[in-house]
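Here is a friendly briefing to read alongside the model. Have the viewer open and follow the topics in turn.

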Number of protein chains: 2
Amino acid sequence: MESPTGDNQIGPQGTETTIREAQDAFVASWGQMSGAWGISRTMAEVHALLFVTGEALNTDEVMERLQISRGNASMSLRALLEWGIVSKAHKRGDRKEYFQAEQDVWAMFRAIVRERLKREVEPLIAQIHEIRDLTGVKQKGKADAISAETHLHNERLDELVDFFMTVDQLGQRFASPQGRGLRVAAKMLAKIS
Amino acid sequence: MESPTGDNQIGPQGTETTIREAQDAFVASWGQMSGAWGISRTMAEVHALLFVTGEALNTDEVMERLQISRGNASMSLRALLEWGIVSKAHKRGDRKEYFQAEQDVWAMFRAIVRERLKREVEPLIAQIHEIRDLTGVKQKGKADAISAETHLHNERLDELVDFFMTVDQLGQRFASPQGRGLRVAAKMLAKIS
DNA sequence: TATTTGTTTCAAAAAATACTGAAAACAATG
DNA sequence: CATTGTTTTCAGTATTTTTTGAAACAAATA
């Protein structure tokens with residue numbers, strides 16, 4: 001079939017082809033992980049595309065490159081904006097909106113951690129707290145007539161809440177803008193064998 | 001309807017009812033998180049049930065309590081065994097297999113981290129490495145005729161691999177049996193404000 | 001204000017995923 | 001090795017999630 005788009009096939013054809021293949025392979029690879037992270041395949045692929053090209057693309061370019069519908073592209077891009085790992089951009093003399101991915105990998109994962117704490121960990125802590133209160137408020141002093149079974153149940157939930165609160169606090173530190181320094185700390189810590 | 005099972009309704013009825021409700025609430029709550037973690041709702045619920053009751057239950061008890069089919073229960077339990085957060089147990093004079101959840105919350109998350117590194121992070125590192133090699137092997141010395149675009153592409157993937165390798169190494173330390181000590185370290189680190 | 005261009009929404013369709021239930025495989029016991 | 005009790009498998013079905021595409025909406029232009 002003939003190419004309907006006037007694609008920029010500058011430079012030696014071999015090189016250009018290879019980079020496009022590498023990009024496509026990355027998009028597919030990133031998309032495969034989507035299931036494990038609780039996001040849709042398309043959302044992961046759109047992010048992968050923006051990240052790996054490093055360019056600011058508009059909705060039509062994303063649709064064309066990933067062969068997806070307009071609605072799907074629109075929703076995926078909006079979700080990525082909400083996650084804070086993609087931002088809007090504009091080009092002079094063009095009314096279309098362009099989208100670009102955060103290029104700093106550490107900044108990108110700080111944003112992801114921030115968002116997952118907010119969406120998953122914190123609501124879970126709140127819920128477990130509520131459930132915990134069903135079987136007696138946490139207070140050492142009260143020598144109430146609590147069955148051994150209830151006591152164990154309470155201890156299990158307390159331990160869980162404690163764990164998630166630690167995760168939340170650690171995550172917050174990592175995710176905060178000041179958390180930048182953690183990049184160095186983490187790499188050092190990881191290396192010590 | 002009449003209760004077909006001779007359930008152990010020992011103790012004051014009020015107390016027993018409350019703990020059952022708290023357990024059910026926890027099962028539901030834990031089940032809700034399943035989507036975000038890429039596992040099925042049932043698998044999360046089965047784990048929640050075993051964790052929150054602290055008991056060793058057999059397949060029929062799990063089926064009855066969660067109102068799920070035998071096949072579903074069997075597959076969920078096996079998956080949990082593979083994750084290493086549930087183990088088999090046996091009762092004297094009973095041919096059925098019983099299942100119990102890891103009760104130490106930190107040990108449980110060490111197992112989860114270990115498994116997720118193995119299933120998700122490490123394969124991803126391998127894949128990105130392959131993709132990276134499509135556009136030239138990593139070697140500073142080679143003053144090859146590489147386009148600026150390719151150079152940037154390579155840098156992006158290198159940064160990503162580097163990040164995931166750091167995560168993998170940090171995770172391994174946390175997940176290792178020796179990582180036990182990290183529990184204390186993490187709690188301390190989280191508290192410093 | 002009408003027109004043109006671009007974006008969002010959402011009901012319906014498609015695709016992916018999870019669940020059931022019954023049969024097969026397996027294991028313990030006499 | 002036949003019987004009985006238990007677990008696993010898997011084809012078919014049900015449910016949930018994702019995607020499409022067209023209408024509604026919004027913003028800029030003439």
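**Protein and DNA in a predicted model**

Helix 5 of chain B provides the largest share of the surface near DNA strand D, namely five residues. Helices (H or I, at least four residues) and strands (E, at least two) are DSSP runs, numbered from the N terminus, and a residue is near a molecule or strand if one of its heavy atoms lies within 4 Å of it. This is a predicted model, in which local features need pLDDT of at least 70 and side-chain atom pairs count only at pLDDT 80 or more, while totals for chains, interfaces and linings use all residues. Residues are numbered from 1 along each chain as its sequence is written, chains are lettered from A and ligands numbered from 1 in the order in which they are written, and side-chain values use heavy atoms, with hydrogens and water left out.

**DNA strand D**

- DNA strand D is surrounded by 17 residues, and the closest are A:Thr42, A:Ser69, A:Asn72, B:Arg78 and B:Glu97.
- By class, the residues of this surface are two nonpolar, nine polar and six charged; here Ala, Val, Leu, Ile, Met, Phe, Trp, Tyr, Cys and Pro count as nonpolar, Asp, Glu, Lys and Arg as charged, and the others, Gly among them, as polar.
- Sugar or phosphate accounts for 64% of the atoms of DNA strand D within 4 Å of the protein, and bases for the rest.
- B:Glu97 places a backbone N or O atom 2.7 Å from a phosphate oxygen of DNA strand D.
- Two elements give two or more residues to the surface near DNA strand D: helix 5 (70–83) of chain A and helix 5 (70–83) of chain B.

**DNA strand C**

- Around DNA strand C there are 15 residues, the closest being A:Arg78, A:Arg95, A:Glu97, B:Thr42 and B:Ser69.
- This surface divides into two nonpolar, seven polar and six charged residues, and helix 5 of chain A gives the most to it, with five residues.
- Of the atoms of DNA strand C within 4 Å of the protein, sugar or phosphate makes up 58% and bases the rest.
- For a base contact, look at A:Arg95, where a polar side-chain atom lies 3.0 Å from a base oxygen of DNA strand C.
- Phosphate oxygens of DNA strand C lie 2.8 Å from a backbone N or O atom of A:Glu97 and 3.1 Å from a side-chain N or O atom of B:Asn72.

**The sheet of chain A**

- Three strands of chain A form an open, antiparallel sheet in the order 1-3-2; two strands pair if DSSP finds at least two bridges between them.
- Strand 1 (57–58) and strand 2 (86–90) of chain A are at the edges with a single partner strand each, so one side of each has no neighbour in the sheet.
- Two bridges join strand 1 to strand 3 (residues 97–101) of chain A, and A:Leu57 stands opposite A:Phe99 in strand 3.

**The two copies**

How values were computed. Polar contact = N/O pair within 3.5 Å; in protein donor to acceptor, adjacent residues only side chain to side chain.
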